[in-house]
Amino acid sequence: MQENSILASPLGSPLKPKDVAVALDLNVQTVYALVQQGTLGSFRVGAGRGTIRIPRSALKTYADERGIPADALGVEL
């Protein structure tokens with residue numbers, strides 16, 4: 001996993017797919033696929049198609065289900 005201060009977003013705010021991709025060391029397209037499959041919880045914001053945001057709680061659930069330690073993500077959950 002990359003050591004990265006991912007989050008310029010304030011603590012508690014939802015994450016962008018790119019942030020989740022960095023935290024999980026995945027390609028951003030994989031994150032979109034996980035969202036589409038319903039494996040990773042998300043919601044849309046904005047008009048039209050909007051943009052996807054992933055609640056920190058959804059990332060925590062995803063990581064917990066896979067045995068990924070929260071401290072390995074580099075994200076405050």
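Visitor: Which pattern does the protein chain follow when read along the sequence?
Guide: Residues are numbered from 1 along each chain as its sequence is written, and side-chain values use heavy atoms, leaving out hydrogens and water. The protein chain has three helices and two strands, which are DSSP runs (helices H or I, at least four residues; strands E, at least two) numbered from the N terminus. Read along the sequence, they give α-α-β-β-α.

Visitor: How are α1 and α2 oriented to each other?
Guide: The axes of α1 (residues 17-24) and α2 (residues 28-37) come within 8 Å and cross at roughly 110°. These axes are lines fitted to C-alpha atoms over the stretch in contact, with angles from 0 to 180 degrees between N-to-C directions. Because angles of 65 to 115 degrees fall in this class, α1 and α2 are roughly perpendicular.

Visitor: Which residues of α2 make the contact with α1?
Guide: Contact means heavy atoms within 4.5 Å. From α1 come Pro17, Lys18, Val20 and Ala21; from α2 come Val28, Val31 and Tyr32.

Visitor: What is the mean pLDDT of the protein chain?
Guide: Over residues 1-6 the pLDDT is below 50. Where pLDDT is low, the predicted coordinates should not be read in detail. In the protein chain, 86% of residues reach 70 or more, and the mean pLDDT is 88.

Visitor: What share of the protein chain counts as buried?
Guide: Buried means under 20% relative accessible area, with a 1.4 Å probe and protein chains only. Of the 77 residues, the buried share is 31%.

Key. This is a predicted model: local features need pLDDT of at least 70, side-chain atom pairs count only at pLDDT 80 or more; totals for chains, interfaces and linings use all residues. Angles under 35 degrees count as roughly parallel, over 145 as roughly antiparallel, 65 to 115 as roughly perpendicular and the rest as oblique. pLDDT is the predictor's confidence in each residue, from 0 to 100. Buried means under 20% relative accessible area, exposed over 50%, partly exposed in between (1.4 Å probe, protein chains only).
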